[in-house]
Amino acid sequence: MRKLLNLIMVSSLILFVACQDDDTKVEETAGNIPGMGNTPGDLEVSEYNLPEGLEIVGDISGILESESTVAQEYASLKATNTSSKRFYGCGGTYIQVQLTLKNNIERRRTCFFPPGLIFKVNNNDHQHAFNLCWTWFCFEPLETRTIVLYLFCINRGRTESLVNTVYEILGKTTSVNMKWLANRCNGKRMNWECFSHNKTQSYLKSGDTYEEVAGEMQEVIWALTNGDGLTEEQEAYIDELPSLDTDQLPVGYEDIDNFEPPYYWDEYSPEYVAE
């Protein structure tokens with residue numbers, strides 16, 4: 001009888017603790033996302049794997065030499081030749097990483113980085129990174145290729161991606177707020193490779209340059225990671241940005257969670273705007 005009473009007491013205690021955990025669990029809100037902003041905890045992600053046949057060679061490393069070089073890096077964007085396929089992604093004010101990938105198969109291959117992909121830094125004094133929109137780049141058979149990827153900061157106030165920082169692809173965010181933002185931005189013209197670069201202007205009907213779009217979107221992301229959420233003006237800004245040419249986007253890209261990227265898909269090539 002005593003054993004039975006002890007068993008009932010232990011079971012009741014377990015049930016009480018479980019209910020207490022549920023009751024005290026904090027619901028995610030803007031400014032309260034684990035691992036982002038100043039919120040403690042681990043970054044929460046779902047699994048992401050590189051496409052079959054591709055591998056990362058060496059480290060994913062930051063390339064900024066110091067805070068003073070950030071403006072210089074941005075100034076160099078306008079001098080980039082329009083045929084260059086070296087730069088990808090959106091952001092870049094605080095986080096620019098370099099990575100080398102190798103195609104181990106004898107067929108052309110495309111690597112897709114999905115919206116919401118998180119790059120975790122090896123030093124918590126530095127900023128973790130976030131890929132906001134679909135970003136993809138192609139490989140010839142057996143090609144090894146190095147690219148520079150522009151990303152967004154998700155820890156306002158920490159140090160940017162200096163040359164001594166190393167990143168790893170952690171996975172796709174499971175944050176409700178950040179997934180909402182990725183869906184809101186899906187298909188919008190934000191990435192560097194989706195602009196026409198002719199040294200003086202960018203191909204955006206709104207008239208915004210790449211640098212202006214990246215700057216506005218960094219503030220949007222910080223509104224979720226470090227702030228209280230987006231303002232009505234920020235939401236309107238996103239909605240008013242031009243959409244990409246759907247003829248150059250793979251079928252099904254709208255469904256971020258369930259989209260299966262094609263084996264090969266040409267890189268995005270915007271129309272060139274004459275000076």
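Begin by selecting Glu-267 and Arg-145 in this predicted model. The two side chains form a salt bridge, and their closest N and O atoms are 2.8 Å apart. Glu-267 belongs to the segment after helix 5 (232-240), while Arg-145 belongs to strand 9 (residues 144-153), so this pair ties together parts that are 122 residues apart in sequence.

Next, select Glu-219 and Arg-156. Their side chains meet in a salt bridge with an N to O distance of 3.6 Å. Glu-219 is found in helix 4 (residues 210-225) and Arg-156 in the loop between strand 9 and strand 10 (166-173); the pair therefore ties together parts that are 63 residues apart in sequence. Glu-219 has a relative accessibility of 34% and so counts as partly exposed. Arg-156, at 39% relative accessibility, likewise counts as partly exposed.

Now move to Asp-257 and Lys-179. Here, too, the side chains meet in a salt bridge, at 3.6 Å from N to O. Asp-257 lies in the segment after helix 5 and Lys-179 in helix 3 (residues 176-185), so parts that are 78 residues apart in sequence are tied together by this pair. Because its relative accessibility is 29%, Lys-179 counts as partly exposed.

Then select Arg-184, Glu-235 and Asp-239 together. Salt bridges that share partners join these three residues into one network. For the model as a whole, the count comes to five salt bridges.

To view the contact, select Trp-180, Leu-181, Arg-184 and Cys-185 on helix 3, then Glu-235, Ile-238 and Asp-239 on helix 5. Colouring this selection by residue class gives four nonpolar, no polar and three charged residues. Arg-184, Glu-235 and Asp-239, already selected as members of the salt-bridge network, are among the residues that make this contact between the helices.

Note on methods: Residues are numbered from 1 along each chain as its sequence is written. This is a predicted model: local features need pLDDT of at least 70, side-chain atom pairs count only at pLDDT 80 or more; totals for chains, interfaces and linings use all residues. Side-chain values use heavy atoms; hydrogens and water are left out. A salt bridge is a side-chain nitrogen of Lys or Arg within 4 Å of a carboxyl oxygen of Asp or Glu. Helices (H or I, at least four residues) and strands (E, at least two) are DSSP runs, numbered from the N terminus. Buried means under 20% relative accessible area, exposed over 50%, partly exposed in between (1.4 Å probe, protein chains only). Contact means heavy atoms within 4.5 Å. Ala, Val, Leu, Ile, Met, Phe, Trp, Tyr, Cys and Pro count as nonpolar, Asp, Glu, Lys and Arg as charged, and the others, Gly among them, as polar.
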